[in-house]
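Please walk me through this model, starting with its aromatic residues.

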Amino acid sequence: MATVYLAIGTAKVGTTAVQSFLRENEKNLEKQGYCYPFMDLGLEGRLFNRNAHFLIYAAEDVADREEKKEKIAQVRESGFQILDGLAKEFPNIIISDELIWQRSSKKPGFWKNVKAQFEKIGCDV
């Protein structure tokens, strides 16, 4: 069973620096059994280092309510599918996005839901 480490933080605590360090040291981390994956989910390029964005993705560019719900579900499912595959290869996976800190408090049951989704793919958080 893989362990997922979720790195989040409030603004200005160094989350971006941690993400940059992890991205720059991907190969060294992998040698130690840790993966900081690039999550190719078709999201904006500026999220290159923020690989946990799928957890709080809001589809702000989509106007139609139903289309927005579908897009959010698609991005989230794709993120968990990628992690499911990685969990078979790596004992430790690190994901990060500082917006989780802000948005999770606005979504009732967010952490319980996220934990359940990770359990479905056989990962501890």
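Q: Which residues form one aromatic cluster with F54 and F80?
A: This is a predicted model, where local features need pLDDT of at least 70, side-chain atom pairs count only at pLDDT 80 or more, and totals for chains, interfaces and linings use all residues. Residues are numbered from 1 along each chain as its sequence is written, and side-chain values use heavy atoms, leaving out hydrogens and water. Rings of Phe, Tyr and Trp (its six-membered ring) pair if their centres lie within 6.5 Å. The cluster is made up of F54, F80 and F118.

Q: How many aromatic pairs does the structure hold?
A: Planes under 30 degrees apart count as stacked, over 60 as edge-to-face and the rest as tilted. The structure's total of aromatic pairs is four.

Q: What kind of pair do Y5 and Y34 form?
A: Their ring centres are 6.1 Å apart. Y5 lies in strand 1 and Y34 in strand 2, so the pair ties together parts 29 residues apart in sequence; strands are DSSP runs of E, at least two residues, and helices are runs of H or I, at least four, numbered from the N terminus. The planes stand at 40 degrees, so the pair is tilted.

Q: Are Y5 and Y34 buried, exposed or partly exposed?
A: Buried means under 20% relative accessible area, exposed over 50%, partly exposed in between (1.4 Å probe, protein chains only). Y5 has 38%. Y34 has 30%. Y5 is partly exposed, and Y34 is partly exposed.

Q: What is the angle between the planes of F54 and F80?
A: F54 and F80 form an edge-to-face pair, 5.3 Å centre to centre. F54 sits in the loop between strand 2 and helix 3, F80 in helix 3, 26 residues apart. Both are buried. The angle between their planes is 90 degrees.

Q: How far apart are the end C-alpha atoms of helix 3?
A: Helix 3 covers residues 65-87, which is 23 residues. The expected span is 1.5 Å times one less than the number of residues. That gives 33 Å, and the model agrees: the end C-alpha atoms are 33 Å apart.

Q: Which backbone oxygen does the side chain of S104 reach?
A: S104 lies in helix 4 (residues 99-104). S104 is buried, at 9% relative accessible area. A polar contact is a pair of N or O atoms within 3.5 Å; within protein, one must be able to donate a hydrogen and the other to accept it, and residues adjacent in sequence count only if both atoms are side-chain atoms. At 2.8 Å, the side chain of S104 reaches the backbone oxygen of I100.
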